[in-house]
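User: I would like to learn how to read aromatic contacts in a model. Please take me through them one by one.

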Amino acid sequence: MVEWRADGVITLNDGMLYSQRERVVTLARENRLAGVHPETAFVEAGGLVSYGPSLPDLFRRAATYVDKILKGAKPADLPIEQPSKFELVVNLKTAQKLGLTINREFQLRADEVIE
C-alpha cells in the first residue's frame, strides 16, 4: 500500500482480518491510510469508518430461524433474508490523527461517533 502510495484501505468481512483488526488498524494509522471497515469493532480499535450490517440485528434474526427450525420447520422452506439494518460508525480521533476533517452532515448521518 505504501509502495503504491495508496490513500486508504478497505477491509473485507473476513474472519482472519477481524481477528487481526488491532494490527490492521495500527498498520493503516502508522502509514496514514484512511480505513473503511465492515464492522464497528474495527472503528472501536481505532479505524476511521465502518459501514455494514448490524451484527446484533443479524443475531436476533438468526434466532427466529433457529426457533422455527426447532419447532419443526424445514430449513429449505425458510426464505432467504438479507440484512435490513446497517450501521455507520466514524472515529473522529482517528480522523484528527490522519489530518482529515469529517463534515458535520456526515457525522449526523452516523449511527455512532467516537470522539
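What follows covers ring pairs, then charges over rings.

Analyst: This is a predicted model: local features need pLDDT of at least 70, side-chain atom pairs count only at pLDDT 80 or more, and totals for chains, interfaces and linings use all residues. Residues are numbered from 1 along each chain as its sequence is written, and side-chain values use heavy atoms, without hydrogens and water.

User: How many aromatic pairs are there by the rule?

Analyst: Rings of Phe, Tyr and Trp (its six-membered ring) pair if their centres lie within 6.5 Å; planes under 30 degrees apart are stacked, over 60 edge-to-face, the rest tilted. Here the count is two aromatic pairs. Tyr-18 and Phe-42 are edge-to-face, because their planes stand at 75°, with centres 6.2 Å apart.

User: Which helices does that pair link?

Analyst: Helices (H or I, at least four residues) and strands (E, at least two) are DSSP runs, numbered from the N terminus. Tyr-18 is in helix H1 (residues 15-19) and Phe-42 in helix H3 (residues 40-44), 24 residues apart.

User: Is Phe-42 buried or exposed?

Analyst: Buried means under 20% relative accessible area, exposed over 50%, partly exposed in between (1.4 Å probe, protein chains only). Phe-42 has 1% relative accessibility, so it counts as buried. Tyr-18, at 31%, counts as partly exposed.

User: What is the arrangement of Tyr-51 and Phe-86?

Analyst: Stacked: 5.8 Å centre to centre, 15° between the planes. Tyr-51 is in strand E3 and Phe-86 in strand E4, 35 residues apart.

User: Which charged end sits over the ring of Tyr-18?

Analyst: A charge sits over a ring if NZ of Lys or CZ of Arg is within 6 Å of the ring centre and within 35 degrees of the ring normal. Arg-21 does so, 4.2 Å from the centre of the Tyr-18 ring.
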